[in-house]
Amino acid sequence: MTFDCAEPYELAEWWHQALGWSLEDDAGKDDDEVMLEGPHEPHLLFIRVPEDKAVKNRTHIDVRPEGDGTRDQEVERLLALGATVHEDHRYSDGTGWVTMLDPEGNEFCVCRGEAERAAMGD
């Protein structure tokens, strides 16, 4: 999966912190392309482009908390890393998701974790 961006290394580093995936070994701050390698394909490729992001992404990543973590804890963790909340779709019954933006404005969603889903019988 490829992300067009202004700063490939910085954005790949941000997603590395967000997902815990590995940056390719020889990645450098001046590279025009930087790969973030996940445990399975697809990996994430960040490519420098001259234009700014202008419209909503047509595809996006859904992030779920690890282990017993909750959606709300994951939102707080990602906010601390520099993400912003774009749209909040959390409902009073505990369902829903939060649409967030990475540092370059790419949308992604934070969904409930497996423990939360199991507790609700999903």
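Select Glu107 to begin. Glu107 counts as buried, at 10% relative accessibility. The model is a predicted one, and the accessibility given here is computed from its atoms.

**Stop 1: from Glu107 to Lys53**

Where does each partner lie? Lys53 is in the loop between S4 and strand S5 (61–63), and Glu107 is in strand S8 (residues 107–110). The pair therefore ties together parts that are 54 residues apart in sequence. Lys53 counts as partly exposed, at 36% relative accessibility, whereas Glu107 counts as buried.

**Stop 2: Arg90 and Asp72**

How many salt bridges does the whole structure hold? A search finds seven. Select Arg90 and Asp72 for another one. The closest N and O atoms of this salt bridge are 2.8 Å apart. Arg90 sits in strand S6 (residues 84–90) and Asp72 in helix H2 (residues 71–81), so the pair ties together parts 18 residues apart in sequence. Arg90 is partly exposed, with a relative accessible area of 29%. Asp72 is partly exposed as well, with 33%.

Salt bridges with shared partners join Arg71, Asp72, Asp88 and Arg90 into one network.

**Stop 3: Glu7 and Arg48**

Clear the view and pick Glu7 with Arg48. Here the side chains meet in a salt bridge with an N to O distance of 3.6 Å. Glu7 lies in the loop between S1 and H1, and Arg48 lies in strand S4. The two are 41 residues apart in sequence, so this pair also ties together separate parts of the chain. Buried or exposed, or in between? Glu7 is partly exposed, with a relative accessible area of 36%. Arg48 counts as partly exposed too, at 28% relative accessibility.

**Stop 4: Pro8**

Select Pro8. This residue is found in helix H1. Pro8 is buried, with a relative accessible area of 0%. Which residues does Pro8 touch, leaving aside those up to four places away in sequence? They are Asp31, Asp32, Val34, Phe46, Ile47 and Arg48. Arg48 is the salt-bridge partner of Glu7 from the previous stop.

For a distance check, draw a line from Pro8 to Leu78. The C-alpha atoms are 19 Å apart in space, and the residues are 70 apart in sequence.

**Stop 5: the sheet**

Switch to a cartoon view and colour the strands S1 to S4. What is their order in the sheet? The four strands form an open sheet in the order S1-S4-S3-S2, with mixed pairing. The edge strands are S1 and strand S2 (22–23), each of which pairs on one side only.

Zoom in on strand S3 (residues 33–37) beside S4. These two pair in the antiparallel sense over four bridges.

Then bring helix H1 back into view. H1 packs on the sheet and touches S1, S2, S3 and S4. The direction of H1 makes about 155° with that of S4.

**Stop 6: the aromatic rings**

Begin with Phe3 and Trp15. Their rings form a tilted pair, 6.1 Å centre to centre, with 35° between the planes. Phe3 is in strand S1 (residues 2–5) and Trp15 in helix H1 (residues 8–19), so the pair links distant parts of the chain, 12 residues apart. Phe3 counts as buried at 8% relative accessibility. Trp15 is buried, with a relative accessible area of 1%.

The link runs from Phe3 in strand S1 to Phe46 in strand S4 (residues 44–48), 43 residues apart. Phe46 counts as buried, at 0% relative accessibility.

Finish by selecting the whole group. Phe3, Trp14, Trp15, Phe46 and Phe108 form one aromatic cluster.

Definitions and conventions: Residues numbered from 1 in each chain as written. Predicted model: local features only at pLDDT ≥ 70, side-chain atom pairs only at ≥ 80, totals over all residues. Heavy atoms only, no water. Phe/Tyr/Trp six-rings, centres within 6.5 Å; stacked < 30°, edge-to-face > 60°. Buried < 20%, exposed > 50% of the residue type's maximum accessible area, 1.4 Å probe, protein only. Pairing = 2+ DSSP bridges. Contact = heavy atoms within 4.5 Å. Axes fitted to C-alpha atoms, helices over the stretch in contact; angles between N-to-C directions. Salt bridge = Lys/Arg side-chain N within 4 Å of Asp/Glu carboxyl O.
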